[in-house]
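Dear colleague,

I am passing on the structure below, followed by notes on what was found in it. Please keep it open while you read.

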Amino acid sequence: MKSKNILEKRSAAYLCAVICVALWGTAFPLIKLGYLRLGIESVGSRLLFAGERFMLAGIFVFLFGLIIYRRPLALKRRDALPVSLLGLVQTFGQYLFAYIGVGLTTATNTSILTGTVSIISVVLAAVFFRFDRLTPLKILGCAAGLFGIAAVNMGSFSFGATFLGDALVLCSALCGAFGNIITKKISVGRDPATVTAWQLCIGGAVLLAVGLLSGGTTDFSRSGGIVILVWLSLVSSVSFLLWTALLRYHPVSRIAVFTTLVPIFGTIWSGILLGEEIFRLNNLISLLFIAAGIILVNIKTKAME
């Protein structure tokens, strides 16, 4: 009898999903610190910094492959197109729209709109995968999760922010959701480390090129800048590698809903690293609704069996 991969177990999958979003949560304050330390102000410089981050993250996964597998993570010719598509959608597209859009709208709007990734992913999963049906509980769970994200920013959502900025952030969320679908599609039968390493490098390389063509610069002679870049790259390499493996073994809706926790962890890490206030009633309300949403989406009903 074939032994079961530990990531196939629900308890392990839930723990790893939380680890992923906890790591992604550190990106919020550290990117802000990175911009300050490296003097990054223009969109071109932001895209260049993102390209450097994801290129380095891909290199870290390649090194991981050499250490664990004792061989290079070679990409087969038949895999070049789907993995390139994933890199262009999940890494390049998602962060291109996000980095441009965030400068044209409020941080609150960005947080709430980015949180729609989980909802869009659950809906798309029902369209692309017959076994990942859209149930009333999933709809209710997504609604609870979105309300939880809104609660983090209670009273701060701005209707005066530009429509273009909100639209670009929503496009970023769409890319993130489609990235989950593509990852699920191509991860079956392929090594997660190989897929992750190549998609990060491909997406990162395009971001880097666009950043350079836009006149972006990064000055790593400034104090602490290189440390922040290395940490952000490690976060991306570990979290994307785990995320790809999780989507290989589990339905998209089961895993994607955990992204609603990213703003919560972002708030916690901002409090720890930037000294921002985190002990607020709306944060507790948010956590309760997001937790309820995750539970509702993952309740196993007869329709899902």
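Which residues make a nonpolar surface patch of about 660 Å²? Val-123, Val-127, Phe-128, Leu-134, Ile-139, Leu-170, Leu-174 and Phe-178 make it, and the elements that give two or more residues to this patch are α5 and α7 (163-187). A patch here is made of residues with over 30% relative accessible area and no salt bridge, with like charges joined within 9 Å and nonpolar side chains (Val, Leu, Ile, Met, Phe, Trp, Tyr) within 5 Å; a salt bridge is a side-chain nitrogen of Lys or Arg within 4 Å of a carboxyl oxygen of Asp or Glu. Accessible areas come from the Shrake-Rupley method with a 1.4 Å probe, and for residues only the protein chains shown count as cover.

Before going further, please note that this is a predicted model, in which local features need pLDDT of at least 70 and side-chain atom pairs count only at pLDDT 80 or more, while totals for chains, interfaces and linings use all residues. Residues are numbered from 1 along each chain as its sequence is written, and side-chain values use heavy atoms, with hydrogens and water left out.

The protein has twelve helices and zero strands, where helices (H or I, at least four residues) and strands (E, at least two) are DSSP runs numbered from the N terminus. Of its 305 residues, 53% count as buried, that is, under 20% relative accessible area, whereas exposed means over 50% and partly exposed lies in between (1.4 Å probe, protein chains only).

Helix α5 (residues 116-128) holds Ser-121, and Val-127 also has its place in helix α5. Ser-121 is buried, with a relative accessible area of 0%, whereas Val-127 is exposed at 62%. Leaving aside neighbours within four places in sequence, Ser-121 is in contact (heavy atoms within 4.5 Å) with Ala-177, Asn-180, Ile-181, Val-252 and Ala-256.

A search of the whole structure finds eight aromatic pairs, a pair being rings of Phe, Tyr and Trp (its six-membered ring) with centres within 6.5 Å, counted as stacked when the planes are under 30 degrees apart, edge-to-face when over 60 and tilted otherwise. One of them joins Trp-24 and Trp-243, whose ring centres are 5.1 Å apart with planes at 65°, so the pair is edge-to-face. Trp-24 lies in helix α1 (residues 10-38) and Trp-243 in helix α9 (residues 225-249), 219 residues apart, and both are buried. Trp-24, Phe-54, Tyr-95, Tyr-99, Phe-240 and Trp-243 form one aromatic cluster.
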